[in-house]
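Hi there,

Here is the structure I promised to pass on. Have a look at it first, and my notes follow below.

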Amino acid sequence: MRAQVLTTAFLFVVAVYILLPVWWMVVSATKSAADLFDTPGLWFGGDLHLAGNIDRVMSQDGGLYSRWLLNTLIYSGGGALGATLLAAMAGYALAKYPFRGRGVVFAIVMGAVLIPAPLITLPLYLLESRIGLLNTMWGVLLPCMVSPFGVYLARAYAEAAVPDTLLEAGRIDGAGELRIFFTVGIRLMAPALVTLFLFQFVAIWNNFFLPMMVLNDQALWPVTLGLVKWHGIRTGFLRDAVVTGALISIVPVILAFVSLQRFWKADLAAGSVKL
Amino acid sequence: MTGGASGGTSGRVTSRVTNRAALIFLLPFGALFVVFFVLPIGYAVNESLYKLKRSGLGFGTPERVFSGLANYAAVFRDDTFLTGVRRLLLFGIVQVPIMLGLALVLALLLDGHAARFKRFFRLVYFLPYAVPGVIAAIVWSFLYTPEISPFGLDLLDGGVVLWSIGNIVTWTWTGFNMLVIYSALRAIPKELCEAAAMDGASAWRIAWSIKVPMVRPSLILTGVFSIIGTLQLFNEPTVLSGVTTAVSKSYTPLMWSLQVALDNNDYALGSAIAIVLALLAGALSFLFLRLSAWLTRRGVM
Amino acid sequence: MGVTEKARRSAGVAAGVAAILMVAACGSGGGGGTDVGGDRPAASVGPVTVEWWGWAPGYDKAAEAWNASHPDIQVKYAQIEPGSKGGYQKMLGAVKAGNAPCLAQVGGETLASFLVEGALEDITDYAKESNAKFQPWAVNSVTFGGRQVAVPVDSGPMGMFYRKDILAKHKIDVPKTWDEFAAAAEKLHAADPKAFLTSFNPDDMYGFSGYARQAGASWFSTAGDAWKVSITDEPTLKVANYWQGLLDKKLVDVKPAWSDAWFKDFTDGRIASLVGAVWMTKVLEDSIPKTSGKWAVAPMPSWEAGATVTGNVGGSPNAVLKGCAHPKEAVEFATWLATDQSAFDDLVVNGGLFPTSADGTSLPSMKAPRPFYGDQPVFEVFSEAAKTVAPSFGWGPTTPAVNDAFNSAVGEAVAKGGTLADALKAVQEKAVASIKDKGLSVTEG
């Protein structure tokens with residue numbers, strides 16, 4: 001009994017720590033720009049200004065914010081979907097086909113996991129300018145579909161979840177390899193692929209450096225880039241819009257997490273004994 | 001590997017079919033990987049071997065000349081790089097164990113029987129993962145600035161700002177690491193722990209002697225992630241550099257790399273810094289894996 | 001069935017190939033901007049679009065006004081981060097990638113650096129006929145080795161912004177010299193320990209250079225075929241020692257420039273004055289609206305009583321970036337922006353910018369009262385100040401690197417108790433090294 005109280009108390013303290021900045025955001029989103037720094041930060045104060053702030057966020061710069069949200073959905077959702085499919089196929093191949101050069105391919109993929117993303121981003125920017133991808137949605141989407149870590153995970157999942165016997169059975173039935181993958185392989189890997197999708201979704205959602213380099217056109221920006229830019233413009237003093245915009249932007253992601261929570265296996269280390 | 005279906009070619013995957021199928025499956029990823037990953041790295045490596053040669057006042061057109069490893073020598077000649085690496089090592093040695101230790105404790109508590117409201121806590125801890133790093137850094141920067149902070153502390157002072165950054169990283173990633181470990185804990189067969197409990201082992205003992213060794217791969221994975229993440233520290237100090245002069249624009253090696261490439265328009269040196277950093281990340285991760293393997297052999301973990 | 005299947009598949013392949021070709025086609029056409037050659041479209045063929053990047057307040061409205069009256073040349077304006085906060089990075093990157101905008105706001109202190117990076121077009125031929133509309137020094141400041149690379153738009157004569165109410169409350173006269181300023185700082189802080197007469201921004205090299213310029217410094221110059229760096233010249237060290245005195249006695253509020261904390265201190269009356277450039281007029285109006293009506297502007301304090309010399313910070317020429325397909329039109333627009341009477345009247349009102357045109361100080365907006373300053377026509381003060389700006393202050397070819405060096409050295413000195421003089425020595429060394437790194441000739445002085 002004592003252990004239960006103590007444990008729960010400890011978990012509660014950690015929860016307070018985690019929620020503190022979120023609480024500050026919620027409280028601050030209700031304040032006007034003038035009151036934001038003039039009233040106690042952790043409690044409501046001044047006039048209730050939430051509606052005004054939301055209105056400000058939505059109308060600032062000709063209503064770009066809602067466009068940014070949509071873009072974010074396209075980049076994170078579309079990019080993660082593509083990355084998951086590509087990684088699933090590649091990982092499946094690495095796990096299930098003892099082809100020549102398999103070890104080398106896998107070693108390259110593992111090496112790629114260790115490369116800092118910004119090392120890629122700078123030259124990527126110059127490369128994209130040559131092939132005309134700069135300032136296009138594809139310029140962000142395509143690089144985001146390359147996830148070496150996703151391939152590593154998918155390989156581990158395929159090894160664990162797809163029995164060779166089922167594939168053999170499919171082949172005996174005369175099914176082609178692609179067909180076997182899409183009817184048998186991907187189904188068995190599906191629960192793990194949801195994790196992979198969410199993982200990649202957040203990775204893209206977090207990646208702010210690539211869009212910053214690639215996209216000039218404000219209408220193509222994801223919401224993070226837009227908010228950082230609003231934050232960087234001192235003279236307009238858009239603090240109210242930044243805080244409220246940040247809060248609005250994380251709400252759908254939190255909801256998505258809550259609803260997909262049962263899929264979040266996050267058993268990322270499955271098979272990593274061989275790392 | 002059932003030997004049953006041995007009837008001719010239909011049962012066995014021939015090497016030709018294998019190679020062809022593998023190629024088809026690998027091609028989409030491989031093509032994008034080459035274009036958006038390998039090519040840029042090749043470009044960076046190539047770029048790092050050249051230097052722009054100007055003369056006099058520099059108003060003429062610069063000439064691009066091969067310079068061998070001169071840019072790499074320049075990385076180490078400037079104390080900015082070594083200062084930054086030292087700073088990151090200090091950061092990593094303190095922050096990573098705190099974060100992973102906390103993640104492990106939380107995962108064990110949520111996996112055990114002693115806690116209540118476990119679903120709620122799990123959800124709360126995971127919440128920061130939904131907040132992009134730059135947004136988290138902006139929000140924390142508001143909380144750190146003495147004039148506008150609700151705490152009334154100066155958390156941006158030169159003496160503490162490294163740990164203020166550590167706090168943002170810990171806040172953002174503890175929940176994610178916890179979930180990775182937690183998922184591994186859930187995969188441990190219940191019978192194992194039950195059997196130990198029957199033998200009279202305490203909850204502590206079960207946690208330490210059974211659970212922790214079983215989730216070792218997860219701990220190693222989160223460890224490697226954290227090492228790579230530490231060396232790539234960028235978003236948080238960049239946001240803080242806008243609100244305190246204690247964080248310069250070359251505070252971490254990656255920030256310096258970008259500053260050199262973008263501010264000074266020296267992509268060659270910027271690339272060289274990033275490449276050295278990548279090699280360092282690889283070397284440290286490798287060392288870490290070796291160390292944990294050694295510790296396992298010695299039965300420490 | 002097999003046939004249709006096959007047909008469908010080959011159609012799919014064809015579509016895929018077409019898509020790849022289209023991407024490639026976009027690459028050669030849309031990535032554009034690199035056609036530096038002679039095949040520039042004639043101005044008469046359809047409307048020309050000039051892309052324009054900048055951050056000064058008022059630019060957006062200026063673009064709208066121009067577009068309404070010039071259907072043949074349409075300006076597409078994009079507001080980017082201020083230059084030293086990332087804007088310059090973006091421009092240089094865009095130039096390197098071959099997709100830079102035609103026209104961009106580039107601060108006078110960064111022009112030579114951009115030129116050395118090969119980021120600017122020579123606009124001498126397009127600009128020469130309208131140069132008579134500008135003050136001669138302004139044209140000189142954008143001309144390097146006989147080549148003009150930008151159109152001067154505004155300048156940044158300095159003045160002293162101060163809180164009338166706070167000075168009056170503590171019975172402090174408006175300081176006219178730096179000695180009086182130091183005495184006032186002491187008096188104010190003694191009367192109200194939470195308040196400071198002014199702030200010191202360790203990350204604001206440009207502001208500091210304005211003080212140094214007033215004292216007679218010039219950090220960069222050329223001697224023959226070599227750059228000369230003099231960041232530790234005697235006037236600069238005089239200024240450094242002066243601020244060191246205030247810092248040592250803790251009489252100034254140390255804050256990063258432009259930070260929330262800085263503006264909060266202004267709002268709360270913890271900073272009672274700011275010696276800064278004219279364009280702060282609008283920044284203060286926008287950033288600390290709660291203190292409206294309480295401010296006033298006086299001339300910058302001088303080193304010797306009666307001998308008025310004024311510093312200058314910034315002022316942004318607009319440069320034609322490398323690869324621009326319509327340099328003539330870009331220059332035409334920039335010249336209009338800087339010299340058209342109603343255009344610049346708008347810039348004064350909306351942006352707080354100060355003209356470089358020959359007849360700029362006779363603009364009606366110069367006499368306009370500004371409510372934030374208790375209806376004082378503050379531009380009249382700056383018009384007078386502009387007449388006494390210290391002779392030209394040179395900038396070098398590596399300003400971004402020097403700026404970064406200043407921020408870390410001075411930031412560290414202030415945070416850890418070093419001296420500004422030592423920090424400036426470090427900046428001098430880094431500046432020389434950065435010029436050497438570019439392969440240029442350099443001497444110290």
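A residue is called buried here if 20 or more other C-beta atoms lie within 10 Å of its own. Please keep in mind that this is a predicted model.

With that cut-off, let's start with strand β8 of chain C, residues 158–163. Six of its six residues are buried, so β8(C) is largely enclosed by the rest of the structure. In a regular strand, side chains alternate between the two faces of the sheet. In β8(C), M158(C), M160(C) and Y162(C) point one way, while G159(C), F161(C) and R163(C) point the other way, and all are buried.

Which strands does β8(C) pair with? One is β13 of chain C (residues 273–277), joined to β8(C) by five bridges and running antiparallel; there, F161(C) has L274(C) as its bridge partner. Another is β14 of chain C (residues 295–299), also antiparallel and joined by five bridges, where R163(C) is partnered with W295(C).

Now to chain A and a pair of helices. The axes of α7 (residues 148–161) and α9 (residues 177–206) of chain A come within 9 Å and cross at roughly 150°. Angles over 145 degrees count as roughly antiparallel, and α7(A) and α9(A) are therefore roughly antiparallel to each other. The crossing is right-handed.

Which residues meet there? From α7(A) come G150(A), L153(A), A154(A), Y157(A), A158(A) and A161(A), and from α9(A) come G185(A), L188(A), M189(A), A192(A), L196(A) and Q200(A). By class, this contact has nine nonpolar, three polar and no charged residues.

Conventions
Residues are numbered from 1 along each chain as its sequence is written. Chains are lettered from A and ligands numbered from 1 in the order in which they are written. This is a predicted model: local features need pLDDT of at least 70, side-chain atom pairs count only at pLDDT 80 or more; totals for chains, interfaces and linings use all residues. Axes are lines fitted to C-alpha atoms, for helices over the stretch in contact, and angles run from 0 to 180 degrees between N-to-C directions. Helices (H or I, at least four residues) and strands (E, at least two) are DSSP runs, numbered from the N terminus. Angles under 35 degrees count as roughly parallel, over 145 as roughly antiparallel, 65 to 115 as roughly perpendicular and the rest as oblique. A crossing is left-handed if the near helix is turned anticlockwise from the far one by less than a right angle, and right-handed if clockwise. Two residues are in contact if their C-beta atoms, placed from the backbone, lie within 7 Å. Ala, Val, Leu, Ile, Met, Phe, Trp, Tyr, Cys and Pro count as nonpolar, Asp, Glu, Lys and Arg as charged, and the others, Gly among them, as polar. A residue is buried if 20 or more other C-beta atoms lie within 10 Å of its own, exposed if 12 or fewer, and partly exposed in between; C-beta atoms are placed from the backbone. Two strands pair if DSSP finds at least two bridges between them.
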